[in-house]
Structures are given as structure tokens and as C-alpha cells.
Amino acid sequence: MRKYLFQTAALVLAISLVTPLIANSQESILDKVKERGRLVCGVNKELPGFGFLNQDGQWQGFDVDYGRAIAAAVLGDPNKVEFRPLKAPDRFPALQTGEIDVLIRNTTWTLTRDTDLGADFAPPTFYDGQGFMLRKDLGITSLKELAGATVGVTAGSTTELNLADTTRALGIEVESIVFEETETLYQSYDQGRCDVVTSDKSQLVSRRQSLKNPDDHIILDITISKEPLGPVTVHGDNKWNDVVSWVVYATFFAEEHGITQANVNTFETENPEIKRFLGESGDIGAKLGLSKDWARQAIAAVGNYGEIFERNLTPLGLPRGVNKPWTQGGLLYAIPFR
Amino acid sequence: MKAPEAIQEIQPPDNTKGPRAWVKDNLFNTWYNALLTCVAFVFLFFVLKGFLTWTFTEAEWKVIPANLQLFAIGSYTRDQVWRIWTVLYILGVLIGLSAGLWGGLVYRFALALSGIWLIFALLPFELATRGWFLGAIATIALPFFIGRGRTGLRRWILAGWLLSFPVIMVVLRGFGENGVLTSNWGGLLLTLILAVVGIVVSFPLGVFLALCRQSDLPAIRWVSTTYIETVRGVPLITILFMGNVLIPIFMPGLDINQVLRMMFAITFFSGAYMAENVRGGLQAIPRGQIEAAQAVGLNYVKTTRFIVLPQALRSVIPTIVGQFIALFKDTSLVSIIGLIDLLGVAKSVIANPDWLGLQAEVYLFAAVIYFVFCYSMSYGSQEIEANLGVGLHQNL
């Protein structure tokens, strides 16, 4: 989801003129978080599976769990985190002004954001991509057949641009109908006001379930863009970015080695790398500026990657896809804990 | 001189009274009105049919009771809910005492509130919650009987209302990490806090600005006019964005609470409009009133306090309440900048995988709540107007 890219870019351009004037304190956010005793994490408050408030007023979701994992690794308590719901246009300003310590809000990693927007990205936690959903009875299986179709898309997002790029490359013409709100897009599609709807596949899958007859719709097995989503920290704070990155790697590593929320505290092993990971030997925690058992804390709080995925995204009907460990042919690859 | 003949009372013919005559007079008096009536009825029939079928057969209303607490208080820490009850009890005592002392509209308000609590207490909530609601009725009823007729207490109660404001804020927030962070304030609670703060603070601010704009001193008049016109020239959402994004940029390191920033933004915005409403009232006061006040030796403060403002405010009650209602609804804009007010909760609920696709039910529920509050304000203002006789006797 790269909605509001241009508004954000304009806003950030304005800010970057001011930012140099602000005395950049040398203190790492890591120290600030420890001092405050609380992590402030920017999230999405209305994205199914990734971030929302549940019935008990608790934050829940895939991105939310990563916030908890970081809080557990740094402060030893997954509840010492304050979630700040953010809209797409003000997520980067909130990061730059230090209002939030880390942004985990289905944010796509792109070159511009990495450079101009003053953001540093941690490894992607979810590989998404733009796809197409349409009615089964149309009998369409390839993009070329879309010629002449009406395609629903949300306004101001790169989804719209990707669609234009793709159709131009294929030399076909489609009529795109632009919607301001995600909700209206899917409602209109359900009522038959457009033949096809295009968006990130994760969204298509979750929204298909809320259509009247989910089985009447298929998602084409075609992906026209890469959307690696991951946590973001402010540019230049390497120490803090290291911590966030290695918490992400820790969840990958734990899945690779079968370490789960249930067995992390009783895990018996002779594998030296796992021993280092669990803090039983070595001092990798100290190198990150964290306690010895940081990874153990993170896994005990939210579980390994597979568990986080199953808890939040599997109920939506999302398949693991490429979001599997590299050992199973996926893209999740933990850097050695050495 | 001939005596006047006794006038015989003749009943109007039967075809000019009763429901049939009414229908004929009002709906079918000409052929085009008859046509319009038919078209309107057909239209109404289809709209109502669609709406009622949806409401009673298709809509999945279980999303509402399941999330009722979320709608009410958002992510407010659940084991700290006693803070909210404390606030309700403080307010209950004040309302009860005021109802006893002043009667009239306050009394009816207290009665209505007790009725609402009673309904809630009868609903199938947890036993503890129902107990709290019953307690809330008691905190209104007991002070009512205590306060009844003791007019000497009035100034103390006014002071109590004034003092209750900071006390309530402190109770809701608590201290440090053990309290409830304002980022956890949400739902209807947050909507009401923002609206009440906005209304209570923007009203005096508006009166002050209006008086400044009428001032004889150019500097004061100029500053006030600039402020009012600048704020009125900018949409509220822009001011909220500025408060949310620009203040942290311009004042780095100074961590001003987000909810507080929104309170300021809403208050400043509403204050400018309030000022213009009040100025309308001020200008309606004939010059003679002020001259007469000066002639009997009242100074500026006394003239304003006893002659100008009472008349000016009375004549603009409808517009002021209109502004309050607009402000109440405008608080929903904070959901756009990320706070989880009533509308924010609605958006979050429909993102819950359990309730995906139920936006119509959820938004309709939110709309009903907004309507209840706005209509109550509107009703209250009509009552006040009736009590003050606004629009009845033109004595100005």
C-alpha cells in the first residue's frame, strides 16, 4: 500500500528543509526507549490482519505483534508499548520528528523512501504484490483479456500507477474507476459497478471474504508489482535500526529452528548458534545494547514468524506464499547469529 | 334600535374536517399535487422497504453489542475503568445538586440521565457494570434531595462545576505510567472530552474575541480581526493537521500531548466562529442601550456585563448552539489524523477480521449516537429559548 505517496513526499520535502535546523541529539532512540520505559510504535488502526483494536480494546495484528516483539526484546515486557495509529500521509513526519520510535505500518520499501524520506528500513516482514480479483464467470485468466474491462482502484495510490504502467506495456486499454475509500471500492465491486478490482494481494484475499459470495470471485495468479512491507526507523540511527532488524531476524531464525512461543524457555539444544540466540552463551545481546535474553523475550512474547503469521493472517485466508523460510522455498532468510 | 338576531352556531360541513378532509386539503388538492403525492409515496415505499428488509433480515447487528465497550471507551485500559465511573459519579453529584437547586431544565436533564442509566442497568451487561449504573443513579438522586431548595449553595455548586473540569482530567489520566495514557483514550469518551473542552473553552474565548473586535483601541481590534479572519479562512482539518504534524516539527523535543494539541486546535477554530456569532448579537444592541447605561454612570465593564452581553447572547442562542453542534460533529475529524474517537473506533471495528464487511451496520450505529447527542443539544437550546422568551417579545 503506497497510498498518498505524493502528499507525503511534498510534506517531507517541506520538513527536510527544516530538519537540518533541528539540533540532532546524539542519543540513540534505543537509549530513549529504555529511559522512557516504553516503546512508541506507529501502526495502522484499520487494516484487517495487520492492525486494529479488538473487542477488548487491545491492539491486534501482524504489525502490532512486531511492535510487541521489539518492546519485549528491548524492555523485557511486550506490554510496554504505546501504539500510535497513523494515517499514510503523516507516518513519515511522525517518524522524523521523533513522535514515534518505529513505524510498522504496512510500509513498502522503495528507493525514494530509503533516500529522500529520511527513513531506514528493517528487513521486510511481509512480501506483498499487486494482483487482480474478478468474477469467475468472466472466464478471464490472463491480463491481455482485460482489454475493455472496467477496473476499480483506490485514489492516489501507486496501485493506480502500476495499473497504468502494466496496461500500457501490454498495449491494452482498460477503463479505471477511481475510489477514494477502500470500503467503497469493494462495495461497488460487489454490486457489479466494475468488473475487476486491483490492489495488494493481501488486501484482495482478506476482502474477498467479505463479499456476498466469496466463491464467485477469483484472484488471478499474476503479480504486477513488488511490495516488501517492513518496519521503518528514522534515518541515521544505526544502533536502533540494528535492534529492530535483529528482532525481525530473530522471528525468522526461530521458525527456521522450530523455536516457538511454547518451547522457547525450555528449548534444549547443543547447536552453538541457537545457544547464542537464546543467550545461553556468547554476548550478542550486549553487542546490540540489549539484555542477554532479548531474543528469548521476543519469541516468548509473540512467537516465531510462522506463529505470528498464523495468528493474524491465516484467519483472513492468506496463504504463506513467498512468506516462508528460505529452507522451504520462501524469501525469509535470517542472517547468522554470530 | 333593533336587537341583533341571535347568531346560530353552524357546524362546518362534514367534508371539511377529519382525516379524510386533511388528506384531501393537503395531499390531493390539485391534480399536480396528487401526482406528486403518488410519486413520493411510491418512492418512500421502496426506500423504506429496502431499509427495513435490510435492517431486520440482512444486517448482522451482533457486531454492535460485541463491541459496545470499544465504542464507549476505545482502548482505555480495562482494569482502570473505575476512573471513568469515578468521573461519572462526580458529574452525577454535580448534576443532582444542580437539579435540586435550579430545577427546570437541569431537573429534566437529571431525570433523563437517570432514566438512561436505569435502562443500561437493566440491559444484560456484566453484573458489576449494572451495579455501577445503579450507583450512578444514586449519585444523582441523593444529591438532588440534599440540594433541594438550598439556594445558598448555588455559588458553591458553580465553583464545583468549574473545579470539576481539571479534577476530571486528572482522574481520567492518573499519573505517570500507572495511569492511562491519553493515547489510550478513545471511543465516545474521547469524542465527548474533545467536544466538551471545545464548547466550554471556545465560548468565553469567542465572547472575548467578539468584544475585542468591537473595541475602540485599534491594536486590540486589529489583532482580534486578524485572528478571526485567518482561522475562518482555513478548514478545520488543515488546523488539525498543523497541530498534529507541524507543531512537533517547529518545537522539537517539546513533547506536547497529541490529545491536548487536538483540544487546542478545535478550541481555537471554534472560538473564531463563536466570536462572529457573538458579534452578530452585539451589533443587534441599539446604541441607545449603551448610551443609557453610560448615562446612569456604568463603566465599560459594567455596561458590558449587565446591559450588552445579556441581551446580545440571548438573541444569538440558536446560532451558538448551532456552532456547538457543528463542533461536536467536527470532532470526528480527529479520526483522520489518527486518534481513535467514536468514528475511529467504527473504522477499526470493521477492520477486525471477525467483522469484515459490516461497515453499514457499524457506521449506522455511529450515526445514531451522533444524532442522539446533537438532537439533545438542539432540544436543550429550544428549551432555553422558550424559558428566556427569545423571539416572543421584541423589547429591544
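Predicted model: local features only at pLDDT ≥ 70, side-chain atom pairs only at ≥ 80, totals over all residues.

**Domains of chain B**

Where they meet, domain 1 of chain B contributes four residues to the contact and domain 2 of chain B contributes seven. On the domain 1 side of this contact in chain B, three residues are nonpolar, one is polar and none is charged.

**Between the chains**

Next, show both chains together. How many residues of chain B are in contact with chain A? There are 31 residues of chain B in contact with 33 residues of chain A. Select α4 (68-73), α11 (236-250) and α16 (342-349) of chain B: each of these helices supplies at least two residues of the side that touches chain A. This side of chain B consists of 16 nonpolar, 12 polar and three charged residues.

**Domains of chain A**

Now hide chain B and colour chain A by domain. Domain 1 of chain A is made of two stretches, 5-127 and 228-328, while domain 2 of chain A covers 130-225. The centres of these two domains of chain A, taken over C-alpha atoms, are separated by 31 Å.

**A pair of helices in chain A**

Select helix α3 (residues 62-75) and helix α9 (residues 238-256) of chain A. Their axes come within 10 Å and cross at roughly 110 degrees. Because angles of 65 to 115 degrees count as roughly perpendicular, α3(A) is roughly perpendicular to α9(A). The crossing of α3(A) and α9(A) is right-handed.

Show the side chains at the contact. From α3(A), select A:A69, A:I70, A:A73 and A:V74; from α9(A), select A:V243, A:V244, A:V247 and A:T251. By class, the contact of α3(A) with α9(A) has seven nonpolar residues, one polar residue and no charged residue.

**A residue in a loop of chain A**

Finally, centre the view on A:N106, in the loop between β5 (102-103) and α5 (111-115) of chain A. The phi angle of A:N106 is near 30 degrees, a positive value in a residue other than glycine. Is A:N106 buried or exposed? A:N106 is buried, because 27 other C-beta atoms lie within 10 Å, and 20 or more count as buried.

Notes: Residues numbered from 1 in each chain as written. Chains lettered and ligands numbered in written order. Helix = DSSP H or I, 4+ residues; strand = E, 2+ residues; numbered from the N terminus. Buried ≥ 20, exposed ≤ 12 C-beta atoms within 10 Å, placed from the backbone. Contact = placed C-beta atoms within 7 Å. Nonpolar A, V, L, I, M, F, W, Y, C, P; charged D, E, K, R; others polar. Domains from an automatic or database assignment. Axes fitted to C-alpha atoms, helices over the stretch in contact; angles between N-to-C directions. Parallel < 35°, antiparallel > 145°, perpendicular 65-115°, else oblique. Left-handed = near helix turned anticlockwise from the far one by under 90°.
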